[in-house]
Amino acid sequence: MKPIPPSELILNPNGSIYHLYLLPDQIGDTILTVGDPNRVEQVSRHFDKVEFRMQKREFVTHTGQINGKRVTVISSGMGTDNIEILLTELDALVNIDLETRLPKPKTRALSIIRLGTSGALQPDIPLDSLLVSNYAIGLDTLMCFYDLPQSPIEISIVKNLRHDLQLPFTPYAVAANQDLKQQFAYDMINGNTITCPGFYAPQGRKLRLAPKNEDYIPTLVNFEHKGFKLTNFEMETAGYYAMAHLLGHRILSINAIIASRNSQEFSSHPQKTIDKMI
């Protein structure tokens, strides 16, 4: 096996992975992720101690201890393009020998939990509630560049959604890790999360520019396939689920519901809801 060339596995002068600026011994096996770099400290303040801090671009990392367990919290920024970088480089830290540039013979699985914010689509999902993404549906095109295996039901769901939304590409569907879901989110609302490639028109918002499809939000709200309905949307979960599935890591996305697209309301105390989620 040939070493991975420098143009593909890019390292910094100190040997750390390129974008995250991290070395393998600087992360734990449990990774909490947030979008906003300022939210990293809101998580790590709950650690018993923080032993390591790093900031590179939008990727802010704190690693510390909770009850003797080593845990890392890291910010991703927004969008599935950032998630592809984040998960690929986290995987490289644990499954590639950065000195020899060769994959390790035995792979290591990380447990990754996204703590994010989201908007509800369905009227029965209350503002300021917590929702776990049982499935994620990607309306971005990241998986056009990867060979993502999907079950017959997942293929059927996304084909029907493509038809209803009149999309020029087929979305993708990926499930959460059920063990993590049972461990951390057994008492939360179960949902199926749409991941969008933007915040405004891709989520049906109109300021000065109108979405191309005027029926976009009603179509998402009313979509149903053999009992499968869409509950909320945001910008990262499907990228997390797909990349983790491909790389062999355990993944879960937890959402603080701070907007209701049905009633057009926004939470009056979003930070309180985010703190509850953390």
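Leu-246 sits in helix H6, which covers residues 237-247; helices here are DSSP runs of H or I with at least four residues, strands are E runs of at least two, and both are numbered from the N terminus. This is a predicted model, where local features need pLDDT of at least 70, side-chain atom pairs count only at pLDDT 80 or more, and totals for chains, interfaces and linings use all residues. Residues are numbered from 1 along each chain as its sequence is written, and side-chain values use heavy atoms, with hydrogens and water left out.

So how covered is H6? Mostly: 8 of its 11 residues are buried, meaning under 20% relative accessible area, while exposed means over 50% and partly exposed is in between (1.4 Å probe, protein chains only). Among the buried ones are Tyr-240, Tyr-241 and Met-243. Leu-246 has a relative accessible area of 31%, so it counts as partly exposed. Just after H6, Gly-248 takes a positive phi of about 85°.

Now for the aromatic rings. The structure holds 2 aromatic pairs. Rings of Phe, Tyr and Trp (its six-membered ring) pair if their centres lie within 6.5 Å; planes under 30 degrees apart are stacked, over 60 edge-to-face, and the rest tilted.

| Pair | Centre to centre | Angle between planes | Type |
|---|---|---|---|
| Tyr-135 and Phe-228 | 5.8 Å | 80° | edge-to-face |
| Phe-199 and Tyr-200 | 5.0 Å | 80° | edge-to-face |

What about Phe-199 and Tyr-200? Phe-199 is partly exposed at 37%, and Tyr-200 is partly exposed at 45%.

Stay with Tyr-135 for a moment. Its strand, S8, spans residues 130-138. Leaving aside neighbours within four places in sequence, Tyr-135 is in contact with residues including Glu-154, Val-174, Phe-228 and Tyr-241, where contact means heavy atoms within 4.5 Å.

Last stop: His-225. Strand S11 (residues 224-225) is where His-225 is found. Is His-225 buried or exposed? At 11% relative accessibility, His-225 counts as buried. Not counting residues up to four places away in sequence, His-225 touches Ile-153, Ser-156, Ile-157 and Asn-160. The side chains of His-225 and Ser-156 also make a polar contact of 2.6 Å. That term means a pair of N or O atoms within 3.5 Å; within protein, one must be able to donate a hydrogen and the other to accept it, and residues adjacent in sequence count only if both atoms are side-chain atoms.
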